[in-house]
Structure formats: structure tokens, C-alpha cells
Amino acid sequence: MDLTLLIMAAGIGSRFGGGIKQLEPVDARGHIIMDYSIYDAMVAGFNKVVFVIRKDLLADFDAVIGQRMKNKGIQIEYAFQEIEDVPEKYKEKTINRTKPWGTGQAILAARKAINSPFVVINADDYYGKEGFVKLVEYLKNGGDCCMAGFVLKNTLSDNGTVTRGICVEEDGWLKEVVETKEISKDTELDMESLVSMNMWGLRPEFMDLLEKGFVEFFENGGQGEFLIPTYIGELLEKKAIDVKVLKSNDTWYGMTYKEDGPAVRENIERLVKEGLYPEEF
């Protein structure tokens, strides 16, 4: 079965303090987080990667990671998330817009490049191996929509509060994602709760639902962002889809804040020393 990894990398990264955080090296050999995600995906059976980026980042992306990946035997495509890429009827909404329309639009930007089951991830997040393996297994066995659920305590930052989508589930099926803001290690929440880190397993047919949802977003005013967790929540409420929650015990690492960089690099190097990754790949 063909499998596609869709990497959302068009984020501006305003909290990161400047620079292109998705291209920040995380080890002494110059690898970036995406190197590790793509490595884990290839081991799990993926044969194609679609980068969703801004057009102005194309040269940097292709130089830093695109060309290298083409030499690794995996198919690479680029898709561009653009403010103007909205239904024709709502083009006037883009006139004073300065930011893209969110993760739902980012996935839609890749619709022409998706013709197989696919997994969506963020470019600046390290997810570990377990999520890829479990999502691939579920999709290969005929499963429809699924997500990796990470343990809350394994997703927090030492350098500031975070927002997490806490999963309400029943017998392993997602019922609701509750966006919870300003979470720290001292917050009084169940730290064993599963949270969504935007790692979704989907099929090409989901793009049809997403297109309809994007139109509904504008029909309802088109304010803010069209976010994939929010829209999936709406579909769940309508009982239009079922989403399987697949628990990952791996620790998530992310470059949310500039200060996260040293800790991410330290942990990645530790994983290499423990033998989870080769030094060169």
C-alpha cells in the first residue's frame, strides 16, 4: 500500500523568536526535526512526503531537506498554503488577510498531491516511532480516520505554557477534543490524559469533507482559522466520521519556544546514543 506523509510546515512561528524554526538543526550533524520524522515514517512504510510550505520558503526547504530526501529513495512533492487559496465566492475575505487560514487549509493545499492513505504531522514536532507504526498498521488493515494520542505529561515545555487538545474518548474512539490553554507541569489536570498533537491518519476521501468544511467555515463568517481538530470535532458531533485513538507512549519534543532548542537537541542526541537512530541516515 502506498502511504503519504503530509508535513505542515507553513507556520510563521511567531512564538519562536525569529528565524525559520522548522529548519533549526537539532543535532551536531545538522539534522532537523523533519529528518527524524521522515526517517521514522520510511521505516514504518511510507513512500512519499508532501511538504506544505509557503512559496517564499521553497528554496530554503529544498536546499536544507528536499534534495537530501530525494536521494533517500522517497518521493517528494511540495504544496503551497496561500492566503488566496479559498473558494472563489469568498475571495474578498483575503484582501486584508495577513496569515494563512489554519491547519485545515494547510491539508487542503495538498489535495492534488494526495492519492493514498496519509498521515498529517507538524514540521516542528518530534513524535517518536510508536505513533507512525500504529497509524500505519490501522490504515493498512482498512481503518478509516485515526489519530495518535500522546500522554499529556510527555508533551509539556519547560519554557512556557502550552495549549493542548485533550481527548475525550470512549472504548478507544474519539468523542471530543477539548482545547485547553495555558497548561504547565504544575497545572492541576490529569497528566495521563491523552492529547492530540496534530498527528492524524486519514484517507484521500477525507479531502472531500474538508473542502465542504472550508466552505462552511466561510459561510459562518470566516473568522479566525479553519483548524483540523475543530473541524474533526464538528464531524464527530454530526456523527459523520469515527476516529480511532491510538495511544503513543513516546515523548513529544517541539520547538514551541526558542528556549526549547537546547533541550530538544539534548534529547535527540540521547536517542541517537541509545541506538534508536543511526548517526547518519
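K175 is found in strand β8, which covers residues 173-183, where helices (H or I, at least four residues) and strands (E, at least two) are DSSP runs numbered from the N terminus. The model is a predicted one, in which local features need pLDDT of at least 70 and side-chain atom pairs count only at pLDDT 80 or more, while totals for chains, interfaces and linings use all residues. Residues are numbered from 1 along each chain as its sequence is written, and side-chain values use heavy atoms, with hydrogens and water left out.

With a relative accessibility of 46%, K175 counts as partly exposed, the classes being buried under 20% relative accessible area, exposed over 50%, and partly exposed in between (1.4 Å probe, protein chains only). When residues up to four places away in sequence are not counted, K175 touches V168, E169, E170 and L236, contact meaning heavy atoms within 4.5 Å. K239 is placed in the loop between α6 and β10 (243-248) and counts as exposed at 74% relative accessibility.

For the chain as a whole, seven helices and 11 strands are assigned. Along its principal axes, the C-alpha trace spans about 50 × 45 × 40 Å. Buried residues make up 53% of the 281 residues, and of the contacts with a separation of 6 or more, 76% are between residues 24 or more positions apart. The accessible surface comes to about 13000 Å², of which 46% belongs to carbon and sulfur atoms, as computed by the Shrake-Rupley method with a 1.4 Å probe, with only the protein chains shown counting as cover for residues.

Strand β1 (residues 4-8) is mostly covered, five of its five residues being buried. In a regular strand the side chains alternate between the two faces of the sheet. Both faces of β1 are covered, with T4, L6 and M8 buried on one side and L5 and I7 buried on the other. Strand β1 runs parallel to β2 (residues 48-53), to which it is joined by five bridges, and I7 stands opposite F51 in β2; two strands pair if DSSP finds at least two bridges between them. The pairing of β1 with β4 is also in the parallel sense and extends over five bridges, and in β4 the bridge partner of T4 is F118.

Helix α4 (residues 129-140) has 12 residues, and its end C-alpha atoms are 17 Å apart, which agrees with the 16 Å that it should span at 1.5 Å a residue, the expected span being 1.5 Å times one less than the number of residues. Its buried residues are G131, F132, L135, V136 and L139. They cover an arc of only 120 degrees around the axis, which puts them on the same side of α4, the arc being that of the directions from the helix axis to the C-beta atoms. The buried residues of α4 pack against β1, α1 (33-44), β4, β6, β9 and β10. Just after α4, G142 takes a positive phi of about 95 degrees.

Helix α5 (residues 206-219) has 14 residues and reaches 20 Å from its first C-alpha to its last, close to the expected 20 Å. Buried in α5 are F206, M207, L210, G213, F214, F217 and F218. They lie on the same side of α5, because they cover an arc of only 140 degrees around the axis. The face turned away from this buried side carries the exposed residues K212 and E219. The cover over the buried residues of α5 includes α3 (103-109), β4 (118-122), β6 (145-151), β9 (194-202) and α6 (228-237). Helix α3 contains Q105, which counts as buried at 1% relative accessibility. Leaving aside neighbours within four places in sequence, Q105 is in contact with Q81, E82, I83, D85, P100, F214 and F226. Helix α5 is followed by G221, whose phi is positive, near 115 degrees.
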